[in-house]
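Please keep the sequence and the model in view while reading.

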There are 2 protein chains.
Amino acid sequence: MIIVKVGGSLGIDYAALCEDVAALYKEGRKLIVVHGGSAETNRVAAALGHPPKFVTSPSGYTSRFTDRKTLEIFEMVYCGVQNKGLVERLQRLGVNAVGLSGLDGRIFEGKHKDTVRSVEDGKVKVLRGDHTGTVERVNTGLLTLLLDNGYLPVLTPPGSSYEGVAVNVDGDRAAAALAVAFGAEALLLLSNVPGLLRDFPDEASLIAEIPAGEVEAYLEFAHDRMKKKVLGAAEAVRGGVKRVVFGDARVSKPVTAALAGRGTVVR
Amino acid sequence: MIIVKVGGSLGIDYAALCEDVAALYKEGRKLIVVHGGSAETNRVAAALGHPPKFVTSPSGYTSRFTDRKTLEIFEMVYCGVQNKGLVERLQRLGVNAVGLSGLDGRIFEGKHKDTVRSVEDGKVKVLRGDHTGTVERVNTGLLTLLLDNGYLPVLTPPGSSYEGVAVNVDGDRAAAALAVAFGAEALLLLSNVPGLLRDFPDEASLIAEIPAGEVEAYLEFAHDRMKKKVLGAAEAVRGGVKRVVFGDARVSKPVTAALAGRGTVVR
C-alpha cells in the first residue's frame, strides 16, 4: 500500500499526478490518494466575504481557525471541487476512483477541539467555536472494502468527532495516521517544494535524507505548512511506516519520482 | 429498498428528514438518500460573481446551463456543503452514512450533452460548452457493496459521462433511474410543496392520487422543477417501481408520511 498525499498549494500539477497514479493503479499497485485544498479555500472564503483566519499556537504551529461558516466553505472546496476534480481526472484515465471525506463512514475519527490557543501580538488568547480535531482513529473497514473491489479511494478532510461532528483535521497528519493503520510501505507527502530545505526557500539546499530516529530534530528547518508534514512523518515512522518521502508535486511522474527517492527521504 | 430524494429548495427541514431516515435505518430498512442543492448553488454562484443561467428547452423544460465554472460551483454546493452536511447530520444520529456523487465509481453514467437548445425571446438558440447529461446507466455495484455492509449511501449529482467527464444530471430523474435499477418498493420525491397541485400554488388543490398509466397526462399541472419530478415518476413507473410519492419535506417525519400516502401517490 502506498499513501499519496498531495497538498492544496499553488503550482501543483494535478494532471501529472493523476497520470502517474493511473499508471501505478493499472500495474496493480494498491494506492490511496489524500488531498488538500488550502489555497483554493482561502480564495473562495475571501470571495464569499469570510476571509480565512489562521492562528499560531504557543508551540509555533499554524492552523486554520474553523468556525461553522469556515467549515462549510472548507467542505465546498475540499469535498466539492477539489475532491470531485481529482475523481473526474482519474475516471477519465480509466481509474475507478471514489472520493470520500473523513466524515464518510467516519474514516478519520478523533476528538473535537472547540477551543484553540492563539498567540496574537505576543499574548495567548483562547478562541472558541473551533471545529478542529486530530485523527486518533482510522476506520479502515470502508477503505478495505473499496480497495478489495478495485476502487481507488480519494480522501480529504474534514474528519468526524466521536459524536459525528465534522472537524477540520490536518491532511498530512491524517495521511500519516492512514499509512500507520494500513502498515503502508510508503507515505509520500507531495507539495510545491522539492522536499525539506535546509535554507528555505533555496531549493538547492534540499535535505536528501533524514534518519528515521531523528525526524523531530529537523523541525527547525520546516516553515509554515512543512511543519505538519515533518510532524506527520515522525508519527508515521514511529507507527512503523518504512519510508516517508517529502516530494515535489510540480514535476512529471511525481509519485514515481518520490518512490525512487527524489525529495527528502525518511527511513 | 426505498429511494428518498430530497430537493434543494428553501424551506426543507433537513433535521426532520434525517431523524426520520435514521429511525427507518435502525429498523433495518434499506434506504438510499439522493439530494439536490439548487437554491444554495444559486446563492453561492451569485456571491462568486458567476450568477446562474437557466435555459428553457423548446419543449418547455427548464434546466441550469452548466459551463465548467458553473460545474465547479455546483460541485462545491452539491458534493461539498450539502452532501457532507447531510452525512454529518446522519452520523450524529448514529447512521453510518457515506456521501457520494454520481462521478464516484461512475454511479450515474450517461451521454455528455455539450450543446443545449434554449428559447430566448421566442427564438431558439444553440448554446455550447454545457456539461449536462441524462442518467442512462446506474452502476449499482458500489452501492450494493455499501448497503450489504451496513452503510447508508447519500448520493448527489453530478454524474459521469461515458468518458468520465462530470455532467450535471437532474436529481429527480437520477433518483428515478436508481429506483428502477434497484427494483425499489418506493421512490419518494420530497420537496417544499405538499405534492402535485391542480392549481399551483394553492396547497389545498393537492392531487392525492395519479393512476400509474396516466402520469404524463398530469404534466400540465407541474410548474418549474415539478416537471422533472413528474417525468421522473413516469420513468420510474414504466421501469417497474410500484409506488412513487411526491411528498412534503417541510413536515416532521417526511419519509414516514410519504410512505403512508401523504402527498401525491402514483401507483
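Which residues of helix H2 (residues 38-47) of chain B are buried? In this predicted model, the buried residues of that helix are B:Glu40, B:Thr41, B:Val44 and B:Ala45. They lie on the same side of H2(B), because the arc that they cover around the axis is only 130°. An α-helix has 3.6 residues a turn, so residues three or four places apart point the same way. Part of the cover over the buried residues of H2(B) comes from helix H3 (68-92) of chain B. Just after H2(B) comes B:Gly49, which takes a positive phi of about 75°.

For chain A the mean pLDDT is 96, and 100% of its residues reach 70 or more; for the complex, the predictor gives an ipTM of 0.96 and a pTM of 0.97.

Among the buried residues of H5(B) are B:Asp172 and B:Arg173, together with B:Leu178, B:Val180 and several alanines, including B:Ala174 and B:Ala179. H5(B) is followed by B:Gly183, whose phi is positive, near 55°.

B:Lys242 is found in the loop between helix H6 (226-238) and strand S17 (244-248) of chain B, and it counts as partly exposed because it has 15 C-beta neighbours inside 10 Å, whereas a residue needs 20 or more to be buried. Leaving aside residues up to four places away in sequence, B:Lys242 touches B:Glu185 and B:Arg267.

Chain B also contains an open sheet of four strands, in which the order is S11-S6-S13-S14 and the pairing is mixed. Its edge strands, each of which pairs on one side only, are strand S11 (137-138) and strand S14 (166-167) of chain B. Strand S13 (residues 159-161) of chain B pairs with S14(B) in the antiparallel sense over two bridges, and B:Ala166 in S14(B) is the bridge partner of B:Ser160.

Turning to chain A, the unreviewed UniProt entry lists residues 1-246 under "domain: Aspartate/glutamate/uridylate kinase". Over these residues chain A is 33% helix and 25% strand, and the end C-alpha atoms are 17 Å apart.

Which residues of chain A does the record list under "binding site"? The unreviewed UniProt entry lists A:Arg64 and A:Asn168, and although they are spread over 105 residues of sequence, they cluster in space, with a largest C-alpha distance of 8.5 Å. A:Arg64 lies in strand S4 (residues 62-64) of chain A and counts as buried because it has 22 C-beta neighbours inside 10 Å. A:Asn168, by its place in the loop between strand S14 (166-167) and helix H5 (171-181) of chain A, is likewise a residue with a defined setting, and it is buried, with 23 other C-beta atoms within 10 Å. Beyond residues up to four places away in sequence, A:Arg64 touches A:Pro52, A:Phe54, A:Thr70 and A:Asn168, while the contacts of A:Asn168 include A:Arg64, A:Phe74, A:His131 and A:Pro157.

A:Val77, placed in helix H3 of chain A, is buried, with 27 other C-beta atoms within 10 Å. Its contacts, not counting residues up to four places away in sequence, include A:Gly37, A:Glu40, A:Thr41 and A:Val44 in chain A, and B:Met76 and B:Gly80 in chain B. A:Val77 and A:Gly37 are 40 residues apart in sequence and 6.4 Å apart in space, C-alpha to C-alpha.

Methods
Residues are numbered from 1 along each chain as its sequence is written. Chains are lettered from A and ligands numbered from 1 in the order in which they are written. This is a predicted model: local features need pLDDT of at least 70, side-chain atom pairs count only at pLDDT 80 or more; totals for chains, interfaces and linings use all residues. pLDDT is the predictor's confidence in each residue, from 0 to 100. Two strands pair if DSSP finds at least two bridges between them. A residue is buried if 20 or more other C-beta atoms lie within 10 Å of its own, exposed if 12 or fewer, and partly exposed in between; C-beta atoms are placed from the backbone. The arc is that of the directions from the helix axis to the C-beta atoms. Two residues are in contact if their C-beta atoms, placed from the backbone, lie within 7 Å. UniProt positions are given in the numbering used here, feature names are shortened, and annotations may be inferred rather than shown by experiment.
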